[in-house]
Amino acid sequence: MSLLVIHLTDVHLDEKSSAFCDRAELIIDAALSPMTAVSALHIVLSGDIANKTAPKDFDVARDLFSRLKGRVVARLGFDPKFLISAGNHDCDFAEDQSVRDALLSVARAKPQSISDQIVNQLASVLNGFYQFQIEVSPPLNYINKWCAIVEFSELNVRYVLLNSSVMSTIKEDPGRLFIPVPDVDVKENVKTIFVMHHPYGWLMPDNARELAQYAAMTGDLFLMGHEHELWAQQVSDLYDDSAITYLRGHVLYEGGENSAFQTILIDNEKGFCPRSYVWRGGSYESWVEKSRDDFIQWPVANGNRKLSISADGFRFLNMAGANFSHRRKDVVTLQDIFVWPLLKRGNLEKDTGNLIGDGLSIGADELIFESRFTSVCVLKGGDQAGKTSLLKMLAMQLGKKGCHPLLLSASSISSWRSGALEDRINDAIDQLYGKRWRADYKKLDMKEKVLLIDDFDLTKIETGCLQGLRALRQHFGKVYIAIGSHPGIEVALSEFLRDENFIDSEVFEIIPCTQHHRLEIIERWLMIGHDGVGDIDDLKMTAAKLLKVVDETLGRNLIPAVPIFVLIILQRAELVQDLNTVVKSGSHGFLYESLIAQALSNKVTDCNLVTSMTYLTALAKLLDQRKSDDLEQAEFDTFHVEHCQRFKLKLPLNSLQGQLVGAEILEDKGGRVCFRYPYHHYYFLARSLSQMDWHDLESRIDALVGMVHTEKNANVLLFLAHLGRNPKIAHKILLSASRMFDSYVEADLFSRSSVLDRYKPMEIRQILFEGNKASQLEQRQLDEYDDEKATEELAKVAEDRLKARIDDALLMNAAFKTLQVLGQVLRNHAGEIESEEKQQMAEACVGLGLRVMDFINSMIAAHGDEMVFFRGLQIKSENPAMTDSEVANELENYLPAMMSSLTTGTLIKIANAIGSEDLALTIDDVLDGSNTRKLIKLIVHLEHFSDFPKKEILDFEADALQKGAVLPNSVLRRFIIRRFYLFPVRDELKRAVLDRFKINARPFQFLEQRKLPRH
């Protein structure tokens, strides 16, 4: 069946233009002039049906519609269908608009959270249009005031009619309108036609982008008007095989001879054929320059796509992950602020610490081209490195590319058995696609499906995890796994990946933000809400000034150079009077507290900041007492009433809860109230604990310190350290630190390493050719048992072996978290801790770190054979043509590089614990003595002091490193490169150091050659 769509727009009818209705027959005759069989005809008007006196003008429109219908019946013998959307001229502004204008200001500030009452008030100017729409159209399914849907099942066509004029005003400016993205179910073999009056430029920038992305995923044609000029374009994403065709109609009537319209002949198999007709010499004739005589094929993937990410799914993926506040935008989205990080390949045998020179770095956006990489990609990064944000961006981009991603949080998996996994997969499908698409998703070919697993914590792996992951891999063509990273996890990760199902995996590490990367983030921040008007040079100048603040804050404090902290510093730095506080006090706790306080100050109006902080602290205390993360709504109501009674407050429940949800502090999850983000919960729990007396608090501190390796406990202790100094808490942490790895000695980095001596080239060849003991044991088991029983036995062996490595990693993680908490206490309270206690705490940090390094040496000594053998298998899997001898040559640097990498990671933890210029005198006392301690002192200086220690480095190299100590040379070299990488210094300062350590510098790339990001 062939459908002819006549697209009219900007008709501008009123009493003075009633004579224009005489052209109705001419419009139909022109539209039917091609020799084409038509089985159905739809007349679509994309807004501005009336002129300026709606709804009275709709009487003239009724006359026009009647004449159009009569001519169609006369020519074809059946009725046409009318589909209309509203334009700004279809609004009735006759009444006083002062109240509506005030509501518009509120709505534009928070467009995503407009109440139904406000929407009804805003849309009241379209009441006459809605009545007319119901009168002339087929039965409509009204989604809301902005959207109605009508489907013609016999034609396999449906229309999404969008009313972009709900927020229109008498005088309109671009970038001010808003339309909620409709959640339209995608139907197989059904063509979807969007109709809207205003082109995207008239919508708020983020709204326009979100709607454009969604329309391209779910629609086929998009009819628009408003700008009076005929325009047609087919648009597709650079990575995307989906596309949509935009047809913006010409003005039909504006009082003169300027008049034209479009037709689109639609065939579900052949495609669509657009033609245009222009008014010339008293009739409509073919506008040849603006017409096609042949069918344009539907975009293959888009035209037949059955599944796509829903509007709610896009909104979830586009959540920034923290409640950032911006002066030009109410809700900051992930796409506003995201900059693709650099990744480092996990090829340790090639890793010398020189990221660029080693050729191990790639842009994370390259992962979108999944055919270039193996089917399993492990993405590892430290706390707040941006793993979740990276997975969300990958999901959005892969979705646009035609894949069907699922984002699964490993923390939500209570069991890896098939039934529990099935439930979690169903939840993930519901979240991104909608519940009704479960069966369709599971029917997809595995090559079309991508699984992204977030929060995969090797230290929390349950029994059956490996079997569960094997099962998941059989259903997905590509798997990304995000893993928390710290030095202790490396050996456990190596053990985890030696499973035959993951032998071909690739490992990538998210690298901290370079100065270049930080500048890009700053520029994106400044471009939020920027309308393109103004001096770009001024914006670049502002970015350069903010970069200085960010660099100084990161360089002075115990916080990593990761995007979330860069953004929090930016948010604080916009308060000019606060710059000095940001630079001097930018600790972990301070920055998170500032993010919470800013959100509450901006979004909560029912009470002041102190009252809201007290309210949320009481809520965290109640959750802690109940050992729960959320409350049922009725329980929350009771809490609210009791809290108000206790403090004699009169706070409106619904209003306050709504404001706290709007501030992204709380969240309503299906009738259960909880904190929106974990750090909110941890912060307010810490506030609650800080108000307890020691008699009640002591047991809680013991529990927190005893399980310090967990995310919750570590963060609560960090916030406690920020909120106030309690010597008793510090004593508990010191005592715990002294007991950790107490059977190990402090590592001497300058002693001859028996571990490295053991793995010389000949030993590596022997391991590769003969196999290690573990693999020989597995082979004997295979010989002794039948296949099925052997598989079960080997699975248990693998699980037990992995569990042992994970236990090791847990111990190390607990040590590193203890270092972090002690460092927070030292940094925050350097001016109030007496010298003896301060030195004791710093000594505890250094001693614990060096004992961990001795433990690392023992681990590699115990499991080096297996690690070398496994890495050899990986290299063979990646390069099947390589001989064993070539693989052995490749592996010569593997364990030394791993030793250097793990040592570097541990020394970073020590430096972060004690690295502050306020602790300079304490550092001098604690790190005087052995060459190992002197090396740590240099590293602390490189990591956390503002000046570059050129003389100290050169003197140390001459005095301590020229004797041939390989590991200290390698480690210091890595820290020098890291300093230049994260915080560039003047060429004259670094040239001598680069020459002494034989580090090749890369040419500088001018940042101003980059284009600023646009929205």
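In the predicted model, the buried residues of helix H35 are Thr932, Arg933, Leu935, Ile936, Leu938, Ile939, Val940, His941, Leu942, Glu943 and His944. Because eleven of the 14 residues of H35 are buried, this helix is largely enclosed by the rest of the structure. H35 comprises residues 931–944 and reaches 20 Å from its first C-alpha to its last, which is close to the 20 Å expected at 1.5 Å a residue.

Within the largest nonpolar core, which has 157 residues, Ile914 and Phe324 are the residues that touch the most other members. The greatest contribution to this core is made by helix H31 (residues 835–878), which supplies 16 residues. Apart from this core lies another, of 146 residues, which includes Leu126, Met217, Ile425 and Leu432.

Elsewhere in the model, three strands form an open, antiparallel sheet in the order E21-E23-E22, in which strand E21 (630–632) and strand E22 (666–669) are the edge strands, each pairing on one side only. From one strand to the next, the twist averages 25°. The antiparallel pairing of E21 with strand E23 (residues 672–675) extends over three bridges, and glutamate 632 has arginine 672 in E23 as its bridge partner. Helix H21 (residues 633–647) packs on the sheet and touches E21, E22 and E23, with its direction making about 95° with that of E21.

Definitions and conventions. Residues are numbered from 1 along each chain as its sequence is written. This is a predicted model: local features need pLDDT of at least 70, side-chain atom pairs count only at pLDDT 80 or more; totals for chains, interfaces and linings use all residues. Side-chain values use heavy atoms; hydrogens and water are left out. Helices (H or I, at least four residues) and strands (E, at least two) are DSSP runs, numbered from the N terminus. The expected span of a helix is 1.5 Å times one less than its number of residues. Buried means under 20% relative accessible area, exposed over 50%, partly exposed in between (1.4 Å probe, protein chains only). Two strands pair if DSSP finds at least two bridges between them. Axes are lines fitted to C-alpha atoms, for helices over the stretch in contact, and angles run from 0 to 180 degrees between N-to-C directions. Contact means heavy atoms within 4.5 Å. A nonpolar core is a set of buried Ala, Val, Leu, Ile, Met, Phe, Trp, Tyr and Cys residues joined through side-chain atoms within 4.5 Å.
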